[in-house]
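User: I would like to go through this model with you, one topic at a time. Please keep the answers plain.

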Amino acid sequence: MNSLLEDLQWRGLIHQCTDQDALSKLLDSGSQTIYIGFDPTATSLHVGGLMQLMMLRRFQRAGHRPIALVGGATGMIGDPSGKSEERNLQTADQLERNVAGVEAQMRQFLDFDGDDGAILLNNYQWMKDYSYLEFLRDVGKNFPVGTMLGKDSVRSRLGSDAGLSYTEFSYMLLQAYDFVYLAQHHGCQIQAGGSDQWGNVTAGIDLGRRMLGKTLYGFTAPLLTTSDGRKMGKTESGAIWLDPQRTSPYAFYQYWINVEDADVMKCIAYLTEIDREEYESLQSDTESNPGARAAQKRLAQWMTEFVHGQQGLDSALRASKILFGGEIGDADDAQLKEIFADVPSETVPRDRLSGEGLWIVEALQISGLVSSSGEARRAIKEGGVYVNNQRAGDQQMKLTIDDLASESMLVLRRGKRKYSLLRFE
């Protein structure tokens, strides 16, 4: 088998493939062009999209040319694959913003320089002037309706309460034509995607045979899911985005370091470029000493540095240390609010820090860390009270503006893990 396919195989990244032996020979014959489409449903990709970008990156590192296709046209329709009901159509302005955001992120992970660099395309470029009648004559006549009805993405929706609109039913034609266009104009013979795209991939292969008389190839990777079948990359607060303004490096790091033991090795295989030798070492460590969480630490470190750079990783590590009692340093309100998102907080008038300041005993009572002044005094005497993670040993200590950890926040801690956040406004 081709060495790239061998790598994808051990990582578990080949779910379906049209003809693996023929694809292997094609890849061995020289540099090939592969494409994956990305529908711009938001201004940022999330970790599911990153998995597909990593697939293109793996091909590029093996000497092949990737095409990252942003669906400016298909995004106007909405892919029914894997959806229980029709998406809300986006406005043209929103789509334009989404396309710009996604394109910028793709340039971060793929090399677009040189004659053999990756290609970034938007299918709106070749669809915007294609008339409805011409499209029906050129493309629609090559699509047997019976074949379309047999696709899982269509059949599952036809039998649901939500049904399937003609608009979404037509999506398959658009994506299939993308493959034909890329084969014609860029010599692209391979399409990849998630397993929910299998129907669309095979539709493009069939259309290429009918319209061009060409043999095209396709394969899909498994979807990124947890061991109990839930989509990975989502939390109670929402998706894990690649944009640091939507998911901070700290929150991104925390997501990966808290991945369950049952899922961590799959994440490393699917999402990172960690080699097989290190993978097997981490797997052995996880099995023999799961409490050390060696695999989770390596996953979080690799992913955060890859997506957010060394600066982002350093920021995430500093924030993590703060949560576990480390020096707070130069934090700002936004960082502290995120780090201590699950910690009780109270708002206090800012002028309480003026003059002599706020007595620490009173501050502890306001925070809820103690129920009485006597309990506060005892906690301080026993060395169990911390202001901004610095031990407070003086029962008469007064808190002033100079004690703020950020613009308006002060962090109180009792013992090792009981935190409270005071916001002075």
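User: For helix H3 (residues 47-61), what should the 15 residues span, and how far apart are the end C-alpha atoms?
Analyst: Bear in mind that this is a predicted model. At 1.5 Å a residue, H3 should span 21 Å. Its end C-alpha atoms lie 20 Å apart, which agrees with that expectation.

User: How many residues of H3 are buried?
Analyst: Of its 15 residues, 13 are buried, so H3 is largely enclosed by the rest of the structure.

User: Moving to the strands, how many residues of S6 are buried?
Analyst: Strand S6 covers residues 217-221, and five of its five residues are buried. Tyr-217, Phe-219 and Ala-221 point one way from the strand, while Gly-218 and Thr-220 point the other way.

User: In which sense does S6 pair with S1, and in which with S5?
Analyst: With strand S1 (residues 16-17) the pairing is antiparallel, over two bridges. With strand S5 (residues 190-194) the pairing is parallel, over five bridges.

User: Which residues face Thr-220 in those pairings?
Analyst: Gln-16 stands opposite Thr-220, and Thr-220 is also the bridge partner of Gly-193.

User: What unit do S5, helix H11 and S6 make?
Analyst: They make a β-α-β unit that is right-handed, with H11 running over residues 198-212.

User: Now the core. Which residues touch the most other members of the largest nonpolar core?
Analyst: That core has 65 residues, and the ones touching the most other members are Leu-8, Met-55, Phe-219, Trp-256 and Ile-268. Helix H15 (residues 294-323) gives the most to this core, with nine residues.

User: What does Ile-268 touch, leaving out residues up to four places away in sequence?
Analyst: Ile-268 touches Arg-11, Ile-274, Tyr-279, Leu-282, Ala-295 and Leu-299. There is also a second, separate core of 32 residues, which includes Leu-121, Phe-143, Leu-182 and Val-201.

User: Last topic: how many disulfides does the count come to?
Analyst: The count is zero. For Cys-17, the nearest cysteine sulfur belongs to Cys-188 and is 14 Å away, whereas a disulfide requires sulfur atoms within 2.5 Å.

User: Are Cys-17 and Cys-267 buried or partly exposed?
Analyst: Cys-17 is partly exposed, with a relative accessible area of 22%. Cys-267 is buried, at 0%.

Technical notes: Residues numbered from 1 in each chain as written. Predicted model: local features only at pLDDT ≥ 70, side-chain atom pairs only at ≥ 80, totals over all residues. Heavy atoms only, no water. Core = buried A, V, L, I, M, F, W, Y, C linked by side-chain atoms within 4.5 Å. Buried < 20%, exposed > 50% of the residue type's maximum accessible area, 1.4 Å probe, protein only. Helix = DSSP H or I, 4+ residues; strand = E, 2+ residues; numbered from the N terminus. Contact = heavy atoms within 4.5 Å. Pairing = 2+ DSSP bridges. Right-handed = clockwise from strand over helix to strand, strands pointing away. Expected span 1.5 Å × (residues − 1).
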